[in-house]
Amino acid sequence: MKGVLFDLDGVIADTSVYHFQAWRKLIKIHFNLELPDELEKQTKGVSRTDSLKAILKFLNISVSQEKFNEMTTEKNNIFRNLLASLTPANILPGISELISALKKNNVKLSLASASLNGPFILEKLQLTDAFDAIADPSTVAAGKPAPDIFIAAAEAINLKPQDCVGIEDSIAGITAINESGALSVGVGSKTDLKDAKLLFPKTAALNYDQIETAWEK
Ligand code: B16
Ligand code: MG
């Protein structure tokens, strides 16, 4: 294993809940409707525009392009406000230890987040320097579940996806890693992440030796 391609929201930090809180607030403001919990899974790892498309489709609501753009901007403002008090304390358990073990073993780290807020969040978590590269989701042709962001993240550290492991908490993200050729490591439930090649129930259980062994097989 020469590189690890990290998802951000839900893997490095507990920010995935803020995304859904922001969508909930937005939909309440605009349509006075509540979003059901099940929609969270469908929007996890999915880009901002694809998330809003999925939400509006679920609600059977269509809006003009102008209103759509306004809504994505407003959602991001709500999300950024929720992030205002983000500190290194929001790094999920086990992540700092995993990063240290990877560095000790000369494994490169690259960020493969769908979030345009990735660099901002890493900065708030004081993790920017720990990463060798950050793939820019605005430059890839298709978002997760397409493999593009994982391929870009591997390229950014001069590696092939086959030389890397990808770590994800979302269904779309695991599909993206598998399609890229990297080894998929899931964090979450077996029911949701059944296609992950190696699964940990939560970030605190992530273990360098187990990941390395799975990659060698
Ligand atoms: P933004 P990840 C994803 O981040 C989130 O899981 C998803 O909920 C969000 O819609 C997407 O980023 C885009 O985020 O609106 O900040 O650009 O899990 O790929 O790190
Ligand atoms: Mg995620």
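Modeller: Around ligand 1 there are 20 residues, and Leu8, Arg48, Ser113, Ala114 and Ser115 come nearest. Here, near means a C-beta atom, placed from the backbone, within 6 Å of the molecule. Helices α1 (16-31) and α3 (48-59) are the elements that give two or more residues to this shell. Helices (H or I, at least four residues) and strands (E, at least two) are DSSP runs, numbered from the N terminus. This is a predicted model: local features need pLDDT of at least 70, side-chain atom pairs count only at pLDDT 80 or more, and totals for chains, interfaces and linings use all residues. Residues are numbered from 1 along each chain as its sequence is written, while chains are lettered from A and ligands numbered from 1 in the order in which they are written.

Now the strands. Strand β1 (residues 3-6) runs parallel to β2, joined by 4 bridges; strands pair if DSSP finds at least two bridges between them. Leucine 5 has serine 110 of β2 as its bridge partner. Serine 110 also stands opposite alanine 133 in β3. In β2 (residues 108-111), Lys108 and Ser110 point one way, Leu109 and Leu111 the other, and all are buried. Buried means 20 or more other C-beta atoms within 10 Å of the residue's own. In a regular strand the side chains alternate between the two faces of the sheet.

Phenylalanine 6 touches Leu109 and Leu111, among others; contact means C-beta atoms, placed from the backbone, within 7 Å.

Definitions and conventions
Buried ≥ 20, exposed ≤ 12 C-beta atoms within 10 Å, placed from the backbone. Contact = placed C-beta atoms within 7 Å. Lists of a residue's contacts leave out its neighbours within four places in sequence.
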